[in-house]
Amino acid sequence: MKVKNLFVPIVMIILSVIVLFLTSQFPTPLYQDSSISSSFFPNAVAVLQIIICLALIVGECLKGKVQSNQGAGFNKYSLFGAVFIVSYAVAIYLFGYLISTLLAFLVYLFFFRSKNVWYYVTALVFTSVVYYVFTNVFYVVLPEGTITG
Amino acid sequence: MIEHLLNGLLTALSFDVFPVLLFGVVGGIILGAMPGLTATMGVAILLPFTFGMDSTPALVMLIGVYIGGIYGGSIAAILLNTPGTPASAASVLDGYTLTKNGQAARALSISAVSSFAGGMISTVLLIAFAPILASFALRFNAPEYFALALFGLTIISSISGNNILKGLMAGMIGLLVSTIGLDPINSVPRFTFDILDLHSGISIIPVLIGLFALSEALSQLEDIVSDKKHTLRRFSLKILSRKDLKEITPTAVKSGVLGTVIGSIPGAGADISSFVCYNEAKRASKTPEEFGKGSIKGLSAAEAGNNGVTGGALVPLLTLGVPGDAVTAVLLGALVIQGLSPGPLLFTYSPDLVYGIFSSMLVANIVMLLVGLIGIRFFCKIIEIPRILMIPIIMFLSIIGAYAINNSMFDIGVAVFFGLLGFTLIKFKIPLSPILIGMILGPMAETNLRKSLMLYESSWSFLYDRPIVLFFLVLTAFSVYTAIRLGRKNSLN
């Protein structure tokens with residue numbers, strides 16, 4: 001039995017219980033044309049999810065000896081990637097597309113200690129080309145940022 | 001039909017459409033050729049570029065990416081022993097052996113010709129059978145659509161890999177996410193927490209961008225340090241001979257037909273098809289011992305088999321509105337963005353578009369063959385593009401793409417959330433496609449179940465007194481039974 005294999009099913013069971021609680025709070029509509037209400041489908045999914053997760057947990061427990069030292073295997077690069085994506089999303093909101101994309105690309109290249117000048121040129125060209133294509137060809141107004149906009 | 005097809009061909013070759021088709025095919029080949037970048041990811045990344053386009057060039061470009069992406073995956077498989085996409089895993093067996101023997105150009109040209117044969121056969125069969133199936137589907141009402149959605153949900157069990165329960169768990173996540181927003185019948189707010197953006201539900205495009213592009217980019221980031229520059233062997237630039245062509249033709253045709261049939265079964269994608277076709281070619285061969293040791297028939301079968309899926313997979317999407325796999329689920333998103341609802345009525349209301357797609361597929365396959373043969377020397381260079389540059393580009397395009405759908409910062413948040421969720425689930429070996437299938441088919445199942453109950457005044461008798469419903473329920477039961485049997489067999493192995 002690998003302890004890490006129990007993590008997601010347990011989280012899903014907790015979430016499903018929360019869903020069951022929340023569905024009980026749904027407002028009742030004035031007219032109910034069908035014999036099943038708005039909460040029927042989410043309830044059915046949550047109950048099925050609990051059953052599936054319990055089956056996964058039981059299946060894992062039946063495998064025997066506990067191997068608790070098994071991590072999910074995130075390394076520092078993936079953790080950097082996760083923080084990088086979240087920070088980029090926040091930066092776009094604050095500073096808009098142009099500044100945050102160029103800045104994020106440079107931070108990324110610095111993180112990987114890239115010394116290739118062409119990579120930095122690519123960052124500049126990519127940011128500008130995407131901006132030009134979206135605004136002038138597709139007429140999509142890219143975010144300008146709450147601070148800089 | 002012939003008139004629509006000819007009009008479609010003229011459209012595909014027009015100045016407005018042909019350049020985007022060419023861009024799509026070449027872009028698909030380039031993306032597919034890079035190890036780790038799949039055809040699904042390619043279509044998801046390029047989807048935002050179609051927002052400002054008309055529906056025909058937009059869909060034509062994405063279909064070009066799809067066809068090019070499946071072929072492109074074989075380039076890395078043949079040259080580097082690293083399949084660019086899961087669909088090309090079977091091509092490694094003989095393709096890389098040919099490269100090791102100094103026959104890379106021969107292998108790549110066999111791959112291009114076989115992919116072309118598979119793709120063309122598949123498209124012709126799609127053109128022949130899709131309208132028939134669509135006219136049959138016009139008889140569908142709410143109960144039939146509910147039963148169809150239920151059957152569609154069994155795809156989850158077949159795309160779940162070795163662990164069906166994990167796939168089902170992911171499918172339930174998708175179904176639950178699909179219930180966020182106003183309830184489709186009574187407009188009761190569900191899980192909206194008074195957040196206005198949640199009232200219209202979770203948009204499918206940011207979810208798929210997060211699940212298939214961002215999470216993959218994060219996974220690729222982990223391998224970036226071990227990314228050694230591949231050194232290619234010197235090889236002869238001699239492409240396939242007339243004798244080779246004669247030898248592979250029967251295998252390619254047979255695999256193309258088999259691939260189309262497999263592709264039209266919801267849940268069975270190009271990866272399954274290429275292995276099934278490879279095994280079938282080996283079984284039927286007089287020299288099965290040559291397979292795996294550089295057999296051109298083996299390579300041809302795998303290649304025609306995976307490209308044969310391209311037309312087949314569009315059958316359930318265009319005729320029934322049910323995506324058969326992850327790529328067609330993304331294409332469904334593209335149709336919805338263009339304000340079109342895939343299904344039988346698409347053939348009635350937008351025949352020009354449907355036949356435009358069909359004709360473009362024929363042209364896209366020809367373009368793929370020409371680009372594939374002419375660009376052999378160039379493709380050897382593509383696979384050397386450093387991943388360190390590709391990953392941030394994928395991330396930025398994904399996030400901008402998620403924003404551009406509705407000019408919404410909320411959608412960026414959704415894409416980032418699902419990117420992180422997808423990456424975490426990959427770590428726990430939980431498949432991601434079922435989430436998307438659940439999100440697409442959930443509303444279809446719920447809405448039509450509730451409509452059916454209203455139609456039958458709260459009686460569930462529609463489940464047994466309508467022949468088409470019964471047919472789909474039997475298919476659903478059979479599909480679940482087969483998946484459980486296969487799952488048991490896999491776990492025993």
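**Entry: conventions.** I note that this is a predicted model, in which local features need pLDDT of at least 70, side-chain atom pairs count only at pLDDT 80 or more, and totals for chains, interfaces and linings use all residues. Residues are numbered from 1 along each chain as its sequence is written, and chains are lettered from A and ligands numbered from 1 in the order in which they are written.

**Entry: chain A.** I find 5 helices and 0 strands in chain A. Under "transmembrane region", an unreviewed UniProt entry lists residues 7–28, 40–58, 79–111 and 117–142 of chain A; such annotations may be inferred rather than shown by experiment, and the positions are in the numbering used here, with feature names shortened.

The domain assignment divides chain A into domain 1 (4–61) and domain 2 (76–137), with bounds from an automatic or database assignment. Their C-alpha centres lie 39 Å apart. Of the 149 residues of chain A, 24% count as buried. A residue is buried if 20 or more other C-beta atoms lie within 10 Å of its own, exposed if 12 or fewer, and partly exposed in between, with C-beta atoms placed from the backbone.

Entry: I looked up the contacts between the chains, defined by C-beta atoms, placed from the backbone, within 7 Å. In all, 56 residues of chain A are in contact with 48 residues of chain B. On chain A, α1 (4–23), α2 (40–61), α3 (76–95), α4 (97–111) and α5 (117–137) each supply at least two residues of this side. The most come from α3(A), with 10 residues.

By class, this side of chain A has 43 nonpolar, 11 polar and 2 charged residues. Ala, Val, Leu, Ile, Met, Phe, Trp, Tyr, Cys and Pro count as nonpolar, Asp, Glu, Lys and Arg as charged, and the others, Gly among them, as polar.

**Entry: the nonpolar core.** A nonpolar core is a set of buried Ala, Val, Leu, Ile, Met, Phe, Trp, Tyr and Cys residues joined through C-beta atoms within 7 Å. The largest has 194 residues, and those touching the most other members include Val43(B), Ala44(B) and Leu208(B). Helix α6 (residues 104–137) of chain B gives the largest share of this core, 17 residues. Both domains of chain A give residues to this core, so it lies between them.

I then followed Ala44(B): among its contacts beyond four places in sequence are Leu208(B), Phe212(B) and Val330(B). Ala44(B) is one of the buried residues of α3(B). Because 8 of the 8 residues of this helix (residues 39–46) are buried, α3(B) is largely enclosed by the rest of the structure.

**Entry: Thr476(B).** I located Thr476(B) in helix α22 (residues 467–492) of chain B. Is Thr476(B) buried or partly exposed? Thr476(B) is partly exposed, because 18 other C-beta atoms lie within 10 Å. Beyond four places in sequence, Thr476(B) touches Leu150(B), Phe151(B) and Thr154(B). Thr476(B) and Thr154(B) are 322 residues apart in sequence, yet 6.5 Å apart in space, C-alpha to C-alpha.

How values were computed: Contact = placed C-beta atoms within 7 Å. Helix = DSSP H or I, 4+ residues; strand = E, 2+ residues; numbered from the N terminus.
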